[in-house]
Structures are given as structure tokens and as C-alpha cells.
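My plan is to look things up one by one and jot down what I find.

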Amino acid sequence: MHHITTKESIYKLLEQVFDPEVPVLTILDLGIVRDVILGKEVLEIVITPTYSGCPAMDMIEVNIKAVLQENGFEKIKIKTILSPAWTTDWLSEDGKRKLLEYGIVPPMGPSKSKRALFASADAIQCPRCNSAKTEMLSQFGSTACKAQYRCNECLEPFDYFKCH
Amino acid sequence: MNYKLNYILHLADNALILGHRLSEWCGHGPVLEQDMALTNIALDLVGQSRSLYQLAASIQDEGKTEDDLAYFRDVIDFKNVLLVEQENGDFAQTILRQFLFDAYNFHLYQKLLKSSDKQLSAIAEKSLKEITYHLRWSSEWVIRLGDGTEESNRRINEAIEALWPYAGELFIPATYELEAVKEGLGVDSASLKELWSTEIKNVFDEANLEVPEESWVQKGGKNGIHTEKLGFLLAEMQFLQRAYPGQEW
Ligand SMILES: [Zn+2]
């Protein structure tokens, strides 16, 4: 295999793989890389999906392999695990900052139980004018990980990366 | 071993068929936000079915893939409950079908967390977070429609009348379910009835809707005896793979 390879160097390479749906986030920012296993012959990357139906996962796998192959790794195995289930608690602080700059409000607070019927929607600040006068339009947005909000001050709709 | 395969296929078929039904709404939702909600839920369910079909294929161990199981089985092989194959109807009927199923699925998957099969309990853990959103959404809409206008109330009542006979099948376990319970793999669906009934009653109360009396139950889906509607659904869903086997994106 590669000479002087460390886990850290692999993680460094994975910083080049972005989420195809929210292209400002790397897969490390998203928190979906769960482990890197340096075997004798095979390099194994363990990932977990954000949502069961996330259509980006197949593309992410392809992109991980491409980046590693470009860097001389030949035998790469991508393993997908479902447990523990992904949570927005695993988003990096850097990732949250990048989301906001991109116009998507990052998840506010820790992931909480969604059991309550009519649980109050999270209080969210408008990413454009910072007004707190916003309302949730739908808990389902343009991708599974987002909810739709509207600012009642500047009237702009915006995405919220919802707690999960 | 067969009970295990059948049990997983039953769960997978429920998710895929309901997911496909919801996907038929794509571009036809009453408003944009709800069009997206319907298709988001469709995507979750199809995603869940993929995990389950992958597990089924590994149990089967015949070299088949998730796609083989979704696209190359016939009506009689599908083990989904009749409820999920019922047509979308109007928005009220889609909402009610979703609510009756979500309320069941939510409690089922909570118990599947303790399945003796590690992969199934991992799928349950993942799916449950999504099903929780679904149940909240469908509950809210049942209340909105029941407690809304005269027309929305009439429509949701028509939906209750049309779909209620299909709800009972959820709680009549098939033989493979009973075997799966014995082995610690699955959940006794009959044991979910009380939890489900409470869920339904709470939401119906808030929606000013009456819970119908127990009556005639339509059943058979779990054992491959389906309404004619599933045939039409599969004809569309499976067309591409039947016409061009092995096609990929
Ligand atoms: Zn604003």
C-alpha cells in the first residue's frame, strides 16, 4: 500500500469530497465519515447516510473513491453503516458557519426528540436581515435535511438545516 | 429461514409501495410546500425499502440485488398490506392512508429497535427518525382537514369510510410474522393495536372526527392476495426494468 500513510492524511484527502447537494460542506463537515481503517491491503472508509433516501450517497461514494485513487490508493472499500443513526449534532462548527454564509441557517441547538405532535418549530433568525420574525412553512424542504422558512420582516423565504 | 426473508420483504414492500404511491404526487401537490413534503416522504420510504431489500437479498443469498427484488417480482410475491397500495384519491385520502400507516409504522419500528437481527435494528433506528416526521405531518393534516372547512371535513370523512376496512389487516399477523416474533426478529403486529388505536383516537378527537366501529376487514396483502390496484402500480413501476433489464442510470 501507500508509504507513510496515516489516518490523518486520509482525513485530509477526504476534505476534498463535498456534499453534492450542499456543495459548501465537505463530507467531514457533514459528519458522515464515521471511520477510516488502514488495512494491510485495503483502505476502508466507513460512512453513514444523513437520511435513508439521500440520493447523494452513491455520488459521495464515487467521489471518495476518485479522490483516493488519484492519490495512489488502489484497493478502497466503502462501508455504509446505519447505526448509530446520523444526527445534526455531528455537523462541524466550521460547517455550520459555511452553511450560514451560503444562506442556509444551520441547526440550532442539539438534536431533540421529534415525538411531540405540534412540537414548536425552532426559533430561527433570518439569514439575510437577522430578524427573529420568521415562520416555518414546511418541515420538508428542497432536500431531506432542510425545512422551509419565511422571514416576515424582509419577506424572503430561506432554508433551515433542521435538527435531526 | 424463509420466515426471515418473508418478514423483511413484508417490511420492504410496505415501504416501497407506499413510497411509490406518494411519488405519483410529484408535480401534482395542492401547493408547492406540500408537493415537496409528499415527495420527501416518498424518498424516505423508498430509501428505507432499499436498506430492507439489501438485507433481504443477503438473507436470500442467491446473488440477487435490491433491484431484482423491487422490479422482478410479481403481484403475488409482494407482501405489503392492502392499505398502502390503495390509490391516492384526493389529498384527504392520501393524508388519511398516510396517517393510518404512520401511526402503525411508528410503533412497529420502535419495537424493531430491539430486534435480534442487528442489521434490522439498525435500519429501524435510522428509519424511525424519519417516520417520526411523517407521523407528525400526517397527524397535523388530519386535524387541519377534519377541523377545517365543511368541504375538507366531508372529504376526510369520505376517506375514512373508504380506507377504514383496510386498517384492520395491519394487526392480523401472517404466519411468517408469528415465526419472526418467536425468533425475536420481529414484532407481533396484534400487540400494536392498542397503541395504534390510542394514536388514532387522540388525533381524531382533536380533528372532530369519529373513530368508526370495528367492522369487516379486507385482508390478504401480507400473503400476496392483493387488490387489482397493485397490478397497475407494478406495471408502471417495473416497466423500465422489465423492458430493458439491467438498465442503470
Ligand atoms: Zn429577513
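Where does Pro84(A) lie in chain A? I found Pro84(A) in the loop between strand 3 (76-80) and helix 4 (93-101) of chain A. I am working from a predicted model, and I keep that in mind throughout. Next I checked the peptide bond from Ser83(A) to Pro84(A). That bond is cis, and its omega is near -5°.

**Entry: the sheet in chain A**

How do strand 4 and strand 7 of chain A run, parallel or antiparallel? They run parallel, and two bridges join strand 4 to strand 7 (residues 157-161). I followed one residue across: Val105(A) has Tyr160(A) in strand 7 of chain A as its bridge partner.

I looked up Leu155(A) next. Leu155(A) sits in the loop between strand 6 (146-151) and strand 7 of chain A. Its phi is positive, about 70°, although Leu155(A) is not a glycine. Is Leu155(A) buried or exposed? I put Leu155(A) down as exposed, because its relative accessibility is 61% and the cut-off is over 50%.

**Entry: cysteines**

Cys129(A) has a relative accessible area of 33%, so I list Cys129(A) as partly exposed. Cys154(A) is partly exposed too, at 28% relative accessibility. How many disulfides are there over all chains? The count comes to zero. I reminded myself that a disulfide is a covalent bond between the sulfur atoms of two cysteines.

**Entry: a loop in chain B**

I moved to chain B and the loop between helix 2 (32-60) and helix 3 (66-71), where Lys64(B) lies. Asp61(B) has its place in the loop between helix 2 and helix 3 of chain B as well. Asp61(B) has a positive phi of about 55° although it is not a glycine. I recorded Asp61(B) as exposed, with a relative accessible area of 65%. Lys64(B) counts as partly exposed, at 38% relative accessibility. I also took a distance from Lys64(B): its C-alpha atom and that of Tyr104(B) are separated by 30 Å. These two residues are 40 residues apart along the chain.

**Entry: two helices in chain B**

My last stop was helix 6 (residues 118-146) and helix 7 (residues 150-167) of chain B, whose axes come within 7 Å and cross at roughly 125°. I therefore call helix 6 of chain B oblique to helix 7 of chain B. Which residues make the contact? From helix 6 of chain B I listed Arg144(B), Leu145(B) and Gly146(B). From helix 7 of chain B I listed Ser152(B), Asn153(B) and Ile156(B). The residues of this contact divide into two nonpolar, three polar and one charged.

I finished with Lys118(B), which is found in helix 6 of chain B. Lys118(B) is exposed, with a relative accessible area of 73%. The C-alpha atoms of Lys118(B) and Gly168(B) are separated by 29 Å. Along the chain, Lys118(B) and Gly168(B) are 50 residues apart.

How values were computed
Residues are numbered from 1 along each chain as its sequence is written. Chains are lettered from A and ligands numbered from 1 in the order in which they are written. This is a predicted model: local features need pLDDT of at least 70, side-chain atom pairs count only at pLDDT 80 or more; totals for chains, interfaces and linings use all residues. Side-chain values use heavy atoms; hydrogens and water are left out. Two strands pair if DSSP finds at least two bridges between them. Helices (H or I, at least four residues) and strands (E, at least two) are DSSP runs, numbered from the N terminus. Axes are lines fitted to C-alpha atoms, for helices over the stretch in contact, and angles run from 0 to 180 degrees between N-to-C directions. Angles under 35 degrees count as roughly parallel, over 145 as roughly antiparallel, 65 to 115 as roughly perpendicular and the rest as oblique. Contact means heavy atoms within 4.5 Å. Ala, Val, Leu, Ile, Met, Phe, Trp, Tyr, Cys and Pro count as nonpolar, Asp, Glu, Lys and Arg as charged, and the others, Gly among them, as polar. A disulfide is a pair of cysteine sulfur atoms within 2.5 Å. Buried means under 20% relative accessible area, exposed over 50%, partly exposed in between (1.4 Å probe, protein chains only).
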